[in-house]
Amino acid sequence: WSPAWVGNTALGSIAFLACEAIGATVTIGYGFQSMAWALAAAALIFLISGLPVCYYGARHGVDMDLLTRGSGFGYLGSTITSAVYASFTFILFAIEAVILSAALELCFGIPLPVGHIISALVVIPIAAYGFKRISRWQNWTQPLWLLLQLAPLLWLASMGQPGLDLWRGHAGAVGTPSLLSFGAALAVFLSLLPQIGEQVDYLRFLPPKEDVGARRWWSALLLTGPGWIVIGGLKILIGSGLAVIAL
């Protein structure tokens, strides 16, 4: 696969709506200012910590488990890494399934228990053949995803300056911003730190840098590896704005 194909597939892993939900929750709880500063701090941490992880994973074609073992942490270290990553993935998938099930109920009247079953099973045929099918699914459905992702942005833009002022002035449940509210918001955002493991799971399929050129290889690595937080941060802001204006 080409660097562009692999990078585009890696971006698909952050198509989840958990970012919007987290942005909404943090803003409603701690206010816009605490949310914005905490997001900036978290993004900086993600970029710094994610770069070496993605580089060595892509350079040597290994996932988080093998990368941990190769870094000298041994079998026990790789097991702990796998446990942390697996727990994060299970929690994230559960959140996504709840969001999807709620959407199925709102749009089509499907009961939540049935929606949960659909949400859990629909991913199996997509993931059954690994990167090959996942990458095809991602590329085929991306235009529809972009359309649906941009629609809320257009709605927010239609609110004009009053909507922007309302969003930026939202104080949240805590009222006055403080170091405590900033720290609490940052703690929530840092829960997304293990997402870098999922980016590595895709970026390890990058072709050798020597075969495709340094510029193409580094562009795919930076934009879709540690750079996932750029798009992820935008999605967090979208969720934040939608929540405030909806309320």
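**Exercise 1.** Leaving aside its neighbours within four places in sequence, which residues is Met-35 in contact with?

*Solution.* The model is predicted, so local features need pLDDT of at least 70 and side-chain atom pairs count only at pLDDT 80 or more, while totals for chains, interfaces and linings use all residues. Residues are numbered from 1 along each chain as its sequence is written, and side-chain values use heavy atoms, with hydrogens and water left out.

Step 1: taking contact to mean heavy atoms within 4.5 Å, and leaving aside neighbours within four places in sequence, Met-35 is in contact with Val-26, Thr-27, Trp-167, Phe-189, Leu-237 and Ser-240.

Step 2: Met-35 lies in helix α3, where helices (H or I, at least four residues) are DSSP runs numbered from the N terminus.

Step 3: Met-35 has a relative accessible area of 0% and is therefore buried, a term that means under 20% relative accessible area, with exposed over 50% and partly exposed in between (1.4 Å probe, protein chains only).

**Exercise 2.** Describe how α3 and α12 pack, giving the angle, the hand of the crossing and the residues involved.

*Solution.* Step 1: the axes of α3 (residues 32–60) and α12 (residues 214–224) come within 10 Å and cross at roughly 135°. Such axes are lines fitted to C-alpha atoms, for helices over the stretch in contact, and the angles run from 0 to 180 degrees between N-to-C directions.

Step 1: this makes α3 oblique to α12, given that angles under 35 degrees count as roughly parallel, over 145 as roughly antiparallel, 65 to 115 as roughly perpendicular and the rest as oblique.

Step 2: the crossing in which α3 passes α12 is right-handed; a crossing is left-handed if the near helix is turned anticlockwise from the far one by less than a right angle, and right-handed if clockwise.

Step 3: α3 contributes Leu-51, Cys-54, Tyr-55, Ala-58 and Arg-59 to the contact, and α12 contributes Trp-217, Trp-218, Leu-221 and Leu-222. By class, the residues of this contact are eight nonpolar, no polar and one charged, where Ala, Val, Leu, Ile, Met, Phe, Trp, Tyr, Cys and Pro count as nonpolar, Asp, Glu, Lys and Arg as charged, and the others, Gly among them, as polar.

**Exercise 3.** Classify the pairs α8 with α13 and α2 with α9 by the angle between their axes.

*Solution.* Step 1: for α8 (residues 160–168) and α13 the axes come within 9 Å and cross at roughly 100°, and the two helices are therefore roughly perpendicular to each other. Gly-163, Leu-166 and Trp-167 of α8 meet Leu-237, Ser-240, Gly-241, Val-244 and Ile-245 of α13, a contact with five nonpolar, three polar and no charged residues.

Step 1: for α2 and α9 the axes come within 10 Å and cross at roughly 165°, which makes α2 roughly antiparallel to α9. The contact joins Ile-22, Val-26 and Tyr-30 of α2 to Ser-181, Ala-184, Ala-185, Val-188 and Phe-189 of α9, and these residues divide into seven nonpolar, one polar and no charged.

**Exercise 4.** Is Leu-192 buried or exposed, and where is its place?

*Solution.* Step 1: the place of Leu-192 is in the loop between α9 and α10. Step 2: with 2% relative accessibility, Leu-192 counts as buried. Step 3: leaving aside neighbours within four places in sequence, the residues in contact with Leu-192 are Ile-22, Phe-46, Phe-88, Trp-228 and Ile-236.
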